[in-house]
Amino acid sequence: MTIVQALFLIDGPSRNICNKILTENFNLFSRVQGSSYNHQTWEGGYLDHITEVMNWAVVLYGAISRERTLPFSLSDALLVLFLHDIEKPWKYKLTLGNQLKIRTSLKSKEAQKEFRDKKLSEYGIVLSAEQENAMRYAEGENNDYTNLRRVMNELAGFCHICDILSARVFHNYPRRDMPGLGQAQRINGDLSNFHLPDLSLS
Ligand SMILES: [Fe+2]
């Protein structure tokens, strides 16, 4: 599924707003890496990462829903996943040695959250409390972990799974072989023909 097809599965006004964010920033988004070292570290890796996490959401939401009811919609997950790294295209700068460096102003998690919130309000995205929690914890609870209460909600947990699948399990996809970025073979990032084994919990 392409990123545009995935955006079509988002309900309400957010669908058009996300499309606008993608269209207006497409050139920037297609130049940025997924991260400086850990995943999708090639030009355009950012968009590849976002496309992958949204595809995993579609696959996993379908598979899990056959066994248990998830307390959020696929649209909720796709919206959060499309936006979960929205600060990244603006977060890095190229140094003279062509190294990707995080801008000092966007180094801390708090500064990144602030930038994200500003970007969302600039485009008029309004998140529910559940979506807000999932945006904050899509990459895990980190220092907010406590054994006194559950910090990450169910939607955040699901988005975290999709993010980890792309960022750690399939960190080289959709380019599977990476002898060097120049020779990397792009494989089909479309997961629509992906079939899970029968997972029925008999
Ligand atoms: Fe991510």
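Here is a short tour of the nonpolar core and some of the helix packing in this structure. The model is a predicted one. Its largest nonpolar core has 34 residues, and helix H4 (45–65) gives the largest share of that core, nine residues.

**The core**

- Among the 34 core residues, those touching the most other members are Met-54, Ala-57, Ala-77, Leu-78, Val-80, Leu-81 and Cys-159.
- At least two core residues come from each of helix H1 (3–7), helix H2 (13–24), H4, H5, H8 and H9.

**Where H4 meets H5**

- The axes of H4 and H5 come within 9 Å, crossing at roughly 165 degrees.
- Because angles over 145 degrees count as roughly antiparallel, H4 is roughly antiparallel to H5.
- The H4–H5 crossing is right-handed.
- On the H4 side, the contact is made by Ile-50, Val-53, Met-54, Ala-57, Val-58 and Tyr-61, and H5 brings Leu-74, Ala-77, Leu-78, Leu-81 and Phe-82.
- The residues of this contact are eleven nonpolar, with no polar and no charged ones.

**Helix H8 and its partners**

- Helix H8 spans residues 129–137, and its buried residues are Gln-131, Ala-134, Met-135, Arg-136 and Tyr-137.
- Those buried residues pack against three helices: H5 (74–83), H7 (109–123) and H9 (154–169).

Methods: Residues are numbered from 1 along each chain as its sequence is written. This is a predicted model: local features need pLDDT of at least 70, side-chain atom pairs count only at pLDDT 80 or more; totals for chains, interfaces and linings use all residues. A residue is buried if 20 or more other C-beta atoms lie within 10 Å of its own, exposed if 12 or fewer, and partly exposed in between; C-beta atoms are placed from the backbone. Helices (H or I, at least four residues) and strands (E, at least two) are DSSP runs, numbered from the N terminus. Two residues are in contact if their C-beta atoms, placed from the backbone, lie within 7 Å. A nonpolar core is a set of buried Ala, Val, Leu, Ile, Met, Phe, Trp, Tyr and Cys residues joined through C-beta atoms within 7 Å. Axes are lines fitted to C-alpha atoms, for helices over the stretch in contact, and angles run from 0 to 180 degrees between N-to-C directions. Angles under 35 degrees count as roughly parallel, over 145 as roughly antiparallel, 65 to 115 as roughly perpendicular and the rest as oblique. A crossing is left-handed if the near helix is turned anticlockwise from the far one by less than a right angle, and right-handed if clockwise. Ala, Val, Leu, Ile, Met, Phe, Trp, Tyr, Cys and Pro count as nonpolar, Asp, Glu, Lys and Arg as charged, and the others, Gly among them, as polar.
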